[in-house]
Amino acid sequence: MQIIDDLDRLLEILPEDVRLPIQQHPQREELVEVVMDLGRRPEARFAGKAEYLSERVIERQDIEECIQRLGTFSGDNRAGIERTLHRISAMRNRSGEAIGLTCRVGRAIFGTVQMIRDLVETGSSILMLGRPGVGKTTALREIARVLADELEKRVVIVDTSNEIAGDGDIPHPAIGRARRMQVTRPELQHQVMIEAVENHMPEVIVIDEIGTELEALAARTIAERGVQLVGTAHGNYLENLIKNPTLSDLIGGIQSVTLGDDEAKRRGSQKTVLERKAPPTFQVAVEMASRERWIVHENVAETVDLLLRQRQPQPQIRTLDENGEVSIIRELPQVSKNDLSTSSYATTSSGSQWRASGKMQPLPVADEQQHYQEQQRYFEQLLNASTSTMGDVEPYPANGEMDNGEDEGTLYLYPYGISRHKLEQVVQALQWPVRLTKEINEADAILALRSQVKNHSKIKQVAKTHHVPIHTVKEDTVPKITQTLQRLLQMDDVSSPELANLLLNTHGKNSEDEIEALEEARLAVEQIVIPQGQPVELLPRCSKIRKMQHELVEHYRLKSISFGDEPNRRLRIFPA
């Protein structure tokens with residue numbers, strides 16, 4: 001990189017006992033600013049440290065002499081040195097008298113645009129973010145030069161504080177062929193922005209320090225007219241703009257939306273959520289963590305949507321090494337099969353469920369078992385609440401030992417309101433130690449359809465008389481029956497291939513279409529819906545096969561609907 005600072009021009013306005021220590025300082029090339037406050041010792045600030053320059057304190061005469069060597073201070077209390085990039089800012093008392101000066105060194109650094117040159121050439125509007133002093137204005141100046149000189153575009157710079165192109169009527173050579181429009185008063189910047197578009201026919205407009213709502217609205221107006229925008233705003237991260245009502249329009253604006261019951265349940269969120277209001281003014285956002293490390297959000301709309309849903313985006317991280325080479329990396333979430341199998345109980349570091357953050361993280365084995373037991377106890381509480389009128393009923397023993405029955409370890413079930421045929425096929429296919437009985441006094445437990453238990457009190461009275469617990473199934477489907485038996489027997493989760501075969505067996509004759517349809521649904525859930533949190537549409541199928549696909553999706557505790565008209569009616573699977 002080539003650096004031009006004209007430091008001697010800045011030192012000429014300083015008192016001699018302040019100027020000489022800087023001229024002889026070994027780190028003079030790293031000087032950031034010189035601070036002179038009335039009644040205090042002058043101070044030189046470098047990157048990462050500060051030093052006093054003299055034992056003598058600054059007097060009012062020192063400040064007045066410096067001001068006399070400068071041009072006129074503008075409405076924002078800033079002045080400059082003609083045809084340089086240095087900026088001198090004044091601090092004033094209540095009477096308007098200057099009592100302090102901040103003399104900031106301005107440098108033209110050629111080569112910084114290499115970090116995002118590919119994005120600049122696409123014509124997308126780019127927003128630069130970062131803390132003060134990280135180099136936003138320097139990067140903005142270099143981008144303007146490259147667009148004007150190398151890409152040969154009509155570039156107009158709206159330079160409110162003369163910080164991009166320097167003080168005076170003749171702009172600094174660092175901006176190349178780009179033109180510069182000065183602003184008489186800072187509060188009129190939005191008007192000059194619109195004037196630049198209407199009068200000078202630019203292809204690119206460069207703006208420094210967008211800070212008011214009027215300027216944000218003017219930027220949106222310019223972008224909607226097809227002009228490329230390159231601007232800066234104070235804020236370390238994109239989240240800062242989301243929380244800033246004044247500047248949130250730059251990234252599309254934020255509004256509160258009330259969801260319907262079904263949509264809120266599908267998202268796993270509250271009914272009132274925040275959503276992006278409009279397309280963002282800037283398509284690309286760059287967070288300048290340091291001069292050598294930039295975080296690039298290539299799609300601002302997608303990033304904002306993820307942040308509003310409390311998910312973590314995966315931006316590019318661009319770094320510049322000592323040889324001037326740019327490296328680009330992207331940190332993607334690691335999702336393993338173990339994560340998928342324990343996703344119902346996985347949590348993030350903040351304690352929220354993985355669906356809220358978009359990430360799945362496995363728990364340590366001990367914590368996972370403890371968490372699973374807590375979830376199991378919670379489920380049993382809900383189950384007992386649904387059959388609370390049964391009185392004191394002992395649940396099925398956890399160790400699998402029976403009070404009756406000739407085969408030790410075999411569970412005897414009395415089905416009530418459930419298809420006995422489906423129950424038998426599940427038991428036979430999975431080879432679980434379960435037998436069906438027609439006599440309640442021989443049963444270890446009653447497996448009943450939940451709606452039947454709620455609507456008929458007779459079965460509760462019989463169960464209470466025989467001291468037999470009732471376990472309910474929400475729906476008379478193979479996945480629901482399988483899940484209930486799995487909880488009773490404390491078995492491992494049924495694998496997807498086993499469940500697919502089970503569904504085929506319960507529907508009778510196997511066919512290639514059925515096998516293909518179930519495999520399609522399984523891959524869609526395991527490779528797209530769960531890892532990426534995106535809905536998926538399957539291929540059109542007949543009603544019989546769609547029913548099998550619905551049952552398979554229910555096994556993953558996801559929601560699916562059928563839509564479209566025959567013969568193109570098909571499934572749409574939604575993330576949790």
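A word on ground rules: the model is predicted, with local features needing pLDDT of at least 70 and side-chain atom pairs counting only at pLDDT 80 or more, while totals for chains, interfaces and linings use all residues. Residues are numbered from 1 along each chain as its sequence is written, and side-chain values use heavy atoms, leaving out hydrogens and water.

Let's start with the whole thing. The protein has 20 helices and 26 strands; these are DSSP runs numbered from the N terminus, with helices being H or I of at least four residues and strands being E of at least two. Of the 576 residues, 47% are buried, where buried means under 20% relative accessible area, exposed means over 50%, and partly exposed is in between (1.4 Å probe, protein chains only). The accessible surface comes to about 29,800 Å², and carbon and sulfur atoms own 45% of that; the areas come from the Shrake-Rupley method with a 1.4 Å probe, and for residues only the protein chains shown count as cover. As for contacts (heavy atoms within 4.5 Å), take those between residues at least 6 apart in sequence: 60% of them join residues at least 24 apart.

Now for helix packing. Two packed helices are described by the angle between their axes and the distance between the axes. Here axes are lines fitted to C-alpha atoms, for helices over the stretch in contact, and angles run from 0 to 180 degrees between N-to-C directions. Angles under 35 degrees count as roughly parallel, over 145 as roughly antiparallel, 65 to 115 as roughly perpendicular and the rest as oblique.

Find helix α14 (residues 420–430) and helix α17 (residues 478–489), which pack at an angle of about 60° with their axes 10 Å apart. That angle is why α14 counts as oblique to α17. On the α14 side, Lys422, Leu423, Val426, Val427 and Leu430 meet Val478, Ile481, Thr482 and Leu485 of α17. Sorted by class, that contact has seven nonpolar, one polar and one charged residues; Ala, Val, Leu, Ile, Met, Phe, Trp, Tyr, Cys and Pro count as nonpolar, Asp, Glu, Lys and Arg as charged, and the others, Gly among them, as polar.

α17 also packs with helix α20 (residues 543–555), at an angle of about 30° and with the axes 8 Å apart. α17 and α20 are therefore roughly parallel. Val478, Pro479, Lys480 and Gln483 of α17 make this contact with Glu551, Leu552, Glu554 and His555 of α20.

Next, zoom in on methionine 288, which sits in strand β16 (residues 284–288). Methionine 288 counts as buried because its relative accessible area is 3%. Leaving aside residues up to four places away in sequence, its contacts include Met128, Leu129, Lys136 and Trp294. Arginine 131 is 157 residues from methionine 288 along the chain, yet their C-alpha atoms are separated by 7.9 Å.

Most residues other than glycine have a negative phi, and most peptide bonds are trans. Glutamate 152 has a positive phi of about 55°; this residue lies in the loop between α5 (136–150) and β10 (155–159). Glutamate 152 is exposed, since its relative accessible area is 62%. Glutamate 209 also has a positive phi, near 60°, and is partly exposed at 28% relative accessible area. Its loop runs between β12 (204–207) and α7 (213–224). The peptide bond from glutamate 566 to proline 567 is cis, with omega near 5°, and proline 567 lies in the loop between β25 (559–563) and β26 (570–574).
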